[in-house]
Structures are given as C-alpha cells and as structure tokens.
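This report is for a reader meeting the structure for the first time. Please look over the sequence and the model before reading on.

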Amino acid sequence: MALANPTDVAFVPPKPEKPLRFCSAVKQWIAFAEQDSSLVEITRMKGLRMDLRYATFDNVTGHDLYCGVQRAFVRKEAYEKLKKTIRVMEQEFPGAKLVIFDAARPVYAQAALRNTVRGTPYSHYVSSPVKGGLHNFGLALDLSLTDAEGNLLDMGTDFDSFERCAGSVGESEALQSGRLTQQQIDNRNKLRSIMKKAGWVPLGSEWWHFNAFTRDYTYENFEKFGI
C-alpha cells in the first residue's frame, strides 16, 4: 500500500530481551487509586469494555506494565464527562461500546513508555514522566469504539501506532495515497464526535487519545500522581 508521508514508515520499538511484569508497582498503584478520593474506578461501568494494552505484553514497551490487571480509573472530573459520553453513544449508536486501552496511568508506567522511545525521533510522542502527560493526572483516555455486534471499528492503524496517519494531522494525505480509506476516517470521526460532544479534547496525532481538559488548564489546576 502506498505511503502518504515519509513518517508513515512504521516505527516499531525493539522488543526487550527480557520482558518484565511490573507486579509490585501495579499493586502499589491499585492501592493508591482505591484510597484516592479524587479517582473513580470505571472497570465495570456500563457501556465500556476493558482492553488495557499495558496489562499485557502486546504493547510498544514489550513489558506487562500492569501485571495483567484490567482495572481502570479516572479523576472525578473525567468520570462526569465519561458518563455524558456514554449517554451520547447510546443515543447515536445504540448497542455500541467504548473499548478502554488506558485511563489513569501511574508515573512508573509513563517512565517505562518514555524509555521505549528515548533517543529516537519519536521521543516527543510520549510525555516526560517528570512533568507528566494527562494520563498521569487521571484526565485522559485511550479508547476505541465497537459496532452494535461488539466488533472494533477499523481505524486504519492500531493503538499506539507512531505513523503520522495515526492522527487527524495525517489523514488527508493518507486518504489520497490509499494508506487510509474513507470508511476508516469515518470510523475515527464517529469516535471523535461522541467524545467532543461530551467535552473531551482530541489529540491531533492519535485517533485514540482524548483529554478531559487542555494541557494548560490541567497543569494549572491539578497535580499529577506521585506514584
């Protein structure tokens, strides 16, 4: 298939020789999340399906960052927007579900992700664990959308793809080159429409990533997790 842009040559981080499971770290994270009154668990929330990729070895780091634990949390402010998202989805796409790839993210997991791209031209794709990305504030979601039969919609790239066409910034070129189809872009726009109507802010480089607030507002009004 033709490439829309030189950056559409997929960057795939090398897998670690000895994949790790961060079982001790995630145990501390879950204990922290359960006790933090600002966080709400969304694991069994109606309208959602869990597919936390960092709870498997099938992710860009090659490590199981969550030791197989498929439990997700968000800050209360994000939870309110997520409830609205589900209401919008039920009205516009009855039977569909949101599939959660990641939600609130502990800082240790952010550091592991950053290490994956450190020293590469793609290091800017992952926020520094020092300042933190919005996942580290509990104010971001990585997710996709299913049809009424439970099948994931085809978005043209996988979650955590480093291709330029993984985001809206590269879609026009990718459509012209044949790298993406109109149906794949339409599927992305379905997800964006649902999320934006509920007040989420899409990330231009990743079809799956949505912030509850802007970065500036988040940094001014919230603190990232200390774990």
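The structure is a predicted model. It contains an open sheet of five strands in the order β2-β4-β5-β7-β6, and the pairing is mixed. At the edges are β2 (48-50) and β6 (201-203), each of which pairs on one side only. From one strand to the next the twist averages 40 degrees. Helix α2 (residues 76-92) packs on this sheet and touches β2, β4 (98-102) and β5. The direction of α2 makes about 145 degrees with that of β4.

Strands of a sheet pair through backbone hydrogen bonds, in either a parallel or an antiparallel sense. Strand β5 (residues 140-145) pairs with strand β7 (residues 206-211) in the antiparallel sense, over three bridges. Within that pairing, Asp142 has His209 of β7 as its bridge partner, and Leu141 stands opposite Phe210 in β7. Strand β5 also pairs with β4 in the antiparallel sense, here over four bridges. Val99 has Ser144 of β5 as its bridge partner.

How many of the six residues of β5 are buried? Six of the six are, so β5 is largely enclosed by the rest of the structure. In a regular strand, side chains alternate between the two faces of the sheet. In β5, Ala140, Asp142 and Ser144 point one way, while Leu141, Leu143 and Leu145 point the other way. Both sets are buried.

**Helix α1**

Helix α1 (residues 23-35) has 13 residues. From its first C-alpha to its last, α1 reaches 19 Å, close to the 18 Å expected at 1.5 Å a residue. Its buried residues are Val26, Trp29, Ile30 and Ala33. These residues cover an arc of only 100 degrees around the axis, which puts them on the same side of α1. An α-helix has 3.6 residues a turn, so residues three or four places apart point the same way. The buried residues of α1 pack against β1 (39-41), β3 (73-75) and α3 (107-117). On the face turned away from the buried side, α1 carries the exposed residues Ser24, Lys27 and Gln35.

**Arg192 in helix α5**

Arg192 lies in helix α5 (residues 182-197). Is this arginine, Arg192, buried or exposed? Arg192 is buried, because its relative accessible area is 11% and the cut-off for buried is under 20%. Leaving aside neighbours within four places in sequence, Arg192 is in contact with Gly167, Ser168, Glu171, Trp207 and Phe210.

**Aromatic pairs**

The count of aromatic pairs comes to 17. Two of them are set out in the table.

| Ring pair | Distance between centres | Angle between planes | Kind |
|---|---|---|---|
| Tyr122 and Phe162 | 5.6 Å | 75 degrees | edge-to-face |
| Trp207 and Trp208 | 5.4 Å | 90 degrees | edge-to-face |

Why does the pair of Tyr122 and Phe162 count as edge-to-face? Their planes are at 75 degrees, and planes over 60 degrees apart count as edge-to-face. Tyr122 lies in the loop between α3 and β5, and Phe162 in the loop between β5 and α4 (171-177), so the pair ties together parts that are 40 residues apart in sequence. Tyr122 counts as buried at 15% relative accessibility, and Phe162 is buried with a relative accessible area of 6%.

Trp207 and Trp208 are buried too.

**Two residues with positive phi**

Most residues other than glycine have a negative phi. Cys67, which is not a glycine, has a positive phi near 55 degrees. Its place is in the loop between β2 and β3, and Cys67 is buried, with a relative accessible area of 17%. Asp160 is not a glycine either, and its phi is positive at about 65 degrees. Asp160 is found in the loop between β5 and α4, and at 15% relative accessibility Asp160 counts as buried.

Conventions. Residues numbered from 1 in each chain as written. Predicted model: local features only at pLDDT ≥ 70, side-chain atom pairs only at ≥ 80, totals over all residues. Heavy atoms only, no water. Pairing = 2+ DSSP bridges. Axes fitted to C-alpha atoms, helices over the stretch in contact; angles between N-to-C directions. Contact = heavy atoms within 4.5 Å. Expected span 1.5 Å × (residues − 1). Buried < 20%, exposed > 50% of the residue type's maximum accessible area, 1.4 Å probe, protein only. Arc of directions from axis to C-beta. Phe/Tyr/Trp six-rings, centres within 6.5 Å; stacked < 30°, edge-to-face > 60°.
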